[in-house]
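Me: I have a two-chain structure open and would like to go through the labels attached to it. Could you take me from the values to the words used for them?

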Amino acid sequence: MHRRVVILPLLAASALVARENLWAQSWRTVTMSRQVDEERAVDVEVSYGAGRFELMPADPGVLYRMELRYDEEQFEPVSEYGEGQLRLGVEGTGRRIHFSKGEKLGEMTLELARDLPMDLRLECGAVRAEMDLGGLSLSNLEFKTGASESRLDVSEPNPIRMNEASFQVGAAAFTARHLGNLNADRIQVDAGVGDLKLEFTGDWQGNAEVEVEMGLGTLTLRFPKGLGVRLVRDTFLTSLDSQGLIKRGDSYYSPDWEEADHRLTVRVEAAFGSIDVEWVR
Amino acid sequence: MHMRHSRSLPTAVALVLAVWAVHPAPAQEREVVSNEIAVSGDEATLRLEFKDNHRFEISLRNGQVLIDDETTGTYVRGDALDTAWRSLLGQVVALEDGPLAEALRSWEPPEDLSDVSEELAAAMDEAIKAALEPIAALQEVQESEGTTLETILDTAMERSVLQALLLGQTDRLGILGEALEDVTPEQIRVYVGEDVVVESGEEVDATLVVVDGELDVEGTVRGDIVVAGGSLRIRDGSRVTGDVRLADSRLFRDGGTVEGRVRNVEEERAGVEELRDQLRQELEHELESVTAERIRREFERERRSSFHPLRHIGSGLAGILQNLFTFLILAAIGIGIVHFAGENLSVVASAARHAPGRSAMVGLAGAFLALPVWVLGMVVLAVSLIGIPVLVVWIPLFPLAVAAAAGLGYMAVAKNVGRWLADQHYQGLEWLDGRNPRQAVIAGIGALMAACVAANVVQMAGPWLGFLQGLFAMLGVMAGIAAVTVGFGAVILTRGGRRSDLAYAEDLNFRDTMWTGWTRSRDRASSSGVEEVEVEVKEAAEEVEEAAAEIEMEAEVEEAEGIADEPESEWWEEHDDEAEEKDDA
């Protein structure tokens, strides 16, 4: 369904480039895919500099499927695979990347294998990212982004236990939903300046620890009712709206902390800004 | 006839393909594990990787058709072949493995191709089909049926089989296609990667095709001989009843008889390509000539029409109407400002009149700083929590405020210009009263736009006064820019006309009010006598006196608090003197 939406513009683009270059940019569209062969696990590294980035699970049997649209004057695609190492993305061909007013940005749509255990590293620059990791078998996750607007969703539970999920966000707006579906022991969020929204809904399989370091901005923590939550903060000039939490000692606890099936400990270090706690069903 | 030695794999591949073509194998696809489709303005490429690690690529790139990186022909960007190939890639871009192979296999080149493109498309089609064949399955068929090269080649193979066989040699594909033209397909023996000898006294009733091998003819061949990428030796006493065709091959003749023609396909193709290049060059030259002639005619037509008198009159009239329309809009805005913000306008006009240099500098600085201030404001509001709601207002309203300030400033300068114009008592402008703010603003706008109108009038005179027209137009633009700059600076200095302390009393709004009183009094004087006028004058003078007293009081307070500095006090003293003089008057 997603694919049709993406492919149509790509086809339109390919039809266009067959005739004339409408812009000064030299657009190239590349679609590449690989079937799952005999791999048992795979390390995936994705890098994307600027543009719109979309990530989603692939159809069964597909190791990856990547659709790119990029300015071939400035970028070149990266696609390397061997010995369980997969490297994908787009890299700049020169030292600098120039964007003039009115120029369009590229697009990258990536689908990754559902059932293959993988360590996933995503590195984005000035990117508008939409990521759905639902159903991927992730053993580790690392997401780095510079100045971007990123939205991450884990729409389906991760079938394997994840060691750590790490999010490093520069100056950006970052929203993550269904983090409970990550099935992670530990979630680390390091944000510079921006607006962070972390929603810990999903299917919790065990206890987890979350560490959030934030320089300047607003942090919204959304917890599902029934999840045992402990909030520990080490902040400077940061307000806290701790609705639904009870302060005991240096920490804030949800009322059902003691009897909750799964417990989440959230440690927040923030310099300037605010922390808002919200509860959802 | 016997084979000297085989060059192994190519033969096996070709053999298998040939067998499959004659005896269709079970439907088992060659597994595609990876595919890549790349499309840009100069490229449309398909890359496949099979499970057996083999790779296959067809690319239309920069005018060349490449099959596995070997050039097999040329195309023109956007031609029927290019379009058909891109269309195929568009159809298969969403497919993988089996469906992808099936879609590629079922591709049929369009029928509206030129001869050359049709051959290329057929070669591409055959190459795709050959690449997708399930090799392992075919090998099994070959082994189970005990098929040998000889038995296959002795079979009357169809032409498509032969071509499929030869497609194993994609590097020689194009030239082989030409070499095989018109070859009778009924009796053909094909040898790929092998050396073949027709023994002395032996008679072969078939066409011999040798690819990537050596053919040594000592006996008789009743048919044609085609050799590609190898060599042909015709011995003394040998005989060939048909043609000899060589493609990328060498011929050694030690006597012997060739009853047909001996053709070197490569040379012929080179000749054809040379002719094609020549034709292309001639066509390009012709096109350039036609284009140049068309441009020249267009230029000539433009040049002639530019001397048409009515054209300039029409353009000039259109310009005048355009300026008139602009004037009406500005006048309406000016009247609105006088009505709703008359006091602010008076203060701004006063500042612009008495400190035009300072206002211009401030206006210039303000114009340069407006954008950074806007952006900085957005950043500051974005990072501060309470500022985020304000940001929503800041983003649209700041540019609007700047535009409004520029408009107010322009009207203030226009008002000054109008007053000045009235003071000059030009003939025909006696009716103009500079103290009437509406008249002053409208007259000022007209004066500021006068140069633009003059440019239009000059334009109507014809093309001979182009310099004068440009000069007037430039003056008009500069007048507008200067008015906006000075006015904008005055608006900033007076905080939008709210700092009346920076305006001269004679320019203040209550003077306009007084003027209004004066005119009303003057109108009434004709009917009700001079006494009422004197009362009005007295009231107005009292207003001035009160204002001066307030200003004096404020100055004293500031002086007492040590706030006022010396120059400002002097300024106010002068102002007081001026007010007293007016009171005396």
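Reply: Happy to. In chain B, 59% of the contacts between residues at least 6 apart in sequence join residues at least 24 apart. Please keep in mind that this is a predicted model.

Me: What makes up chain B, and how much of the chain counts as buried?

Reply: Chain B has 17 helices and 19 strands. Of its 585 residues, 33% are buried.

Me: And what about chain A?

Reply: Chain A holds one helix and 17 strands. It has 281 residues, of which 43% count as buried. Among its contacts with a separation of 6 or more, 59% come from residues 24 or more positions apart.

Me: Let's turn to the helices of chain B. Why are helix 11 and helix 12 of chain B called roughly antiparallel?

Reply: Helix 11 (residues 356–383) and helix 12 (residues 387–423) of chain B pack at an angle of about 170°. Angles over 145 degrees count as roughly antiparallel, and therefore the label applies to helix 11 and helix 12 of chain B. Their axes are 8 Å apart. Helix 11 of chain B contributes residues including B:W374, B:M378 and B:L381 to the contact, and helix 12 of chain B residues including B:L391, B:W394 and B:F398. By class, this contact between helix 11 and helix 12 of chain B has 14 nonpolar, four polar and no charged residues.

Me: How do you know that helix 13 of chain B is roughly antiparallel to helix 14 of chain B?

Reply: Helix 13 and helix 14 (residues 466–493) of chain B pack at about 165°, with axes 7 Å apart. Because the cut-off is over 145 degrees, helix 13 of chain B is roughly antiparallel to helix 14 of chain B. Helix 13 of chain B also passes helix 14 of chain B in a left-handed crossing. Among the residues in contact are B:L448, B:A451 and B:A455 of helix 13 of chain B, and B:F472, B:L475 and B:A479 of helix 14 of chain B. The contact of helix 13 with helix 14 of chain B divides into 13 nonpolar, four polar and no charged residues.

Me: What makes helix 12 of chain B roughly perpendicular to helix 14 of chain B?

Reply: The axes of helix 12 and helix 14 of chain B cross at roughly 110° and come within 7 Å. Since 65 to 115 degrees counts as roughly perpendicular, helix 12 of chain B is roughly perpendicular to helix 14 of chain B. B:L408, B:Y410 and B:V413 are among the residues of helix 12 of chain B in this contact, and helix 14 of chain B brings residues including B:V484, B:F488 and B:V491. The classes in this contact of helix 12 with helix 14 of chain B are 13 nonpolar, two polar and no charged.

Me: Why is B:I442 called buried?

Reply: B:I442 has 23 other C-beta atoms within 10 Å. A residue is buried at 20 or more, so B:I442 is buried. B:I442 is found in helix 13 (residues 437–460) of chain B. Leaving aside neighbours within four places in sequence, B:I442 is in contact with B:A331, B:G334 and B:G418.

Me: B:D243 has 19 C-beta neighbours inside 10 Å. Why does B:D243 count as partly exposed?

Reply: Buried takes 20 or more and exposed takes 12 or fewer, so with 19 neighbours B:D243 counts as partly exposed. B:D243 is in the loop between strand 15 (239–240) and strand 16 (244–247) of chain B. Not counting residues up to four places away in sequence, B:D243 touches B:D224, B:G260, B:R261 and B:R263.

Me: What makes B:N62 exposed, and how is B:D68 classed?

Reply: B:N62 has 11 other C-beta atoms within 10 Å; exposed means 12 or fewer, so B:N62 is exposed. B:D68 has 15, which falls between the two cut-offs, so B:D68 is partly exposed. B:N62 lies in the loop between strand 4 (55–61) and strand 5 (64–67) of chain B, and B:D68 in the loop between strand 5 and strand 6 (70–74) of chain B.

How values were computed: Residues are numbered from 1 along each chain as its sequence is written. Chains are lettered from A and ligands numbered from 1 in the order in which they are written. This is a predicted model: local features need pLDDT of at least 70, side-chain atom pairs count only at pLDDT 80 or more; totals for chains, interfaces and linings use all residues. Helices (H or I, at least four residues) and strands (E, at least two) are DSSP runs, numbered from the N terminus. Two residues are in contact if their C-beta atoms, placed from the backbone, lie within 7 Å. Axes are lines fitted to C-alpha atoms, for helices over the stretch in contact, and angles run from 0 to 180 degrees between N-to-C directions. Angles under 35 degrees count as roughly parallel, over 145 as roughly antiparallel, 65 to 115 as roughly perpendicular and the rest as oblique. A crossing is left-handed if the near helix is turned anticlockwise from the far one by less than a right angle, and right-handed if clockwise. Ala, Val, Leu, Ile, Met, Phe, Trp, Tyr, Cys and Pro count as nonpolar, Asp, Glu, Lys and Arg as charged, and the others, Gly among them, as polar.
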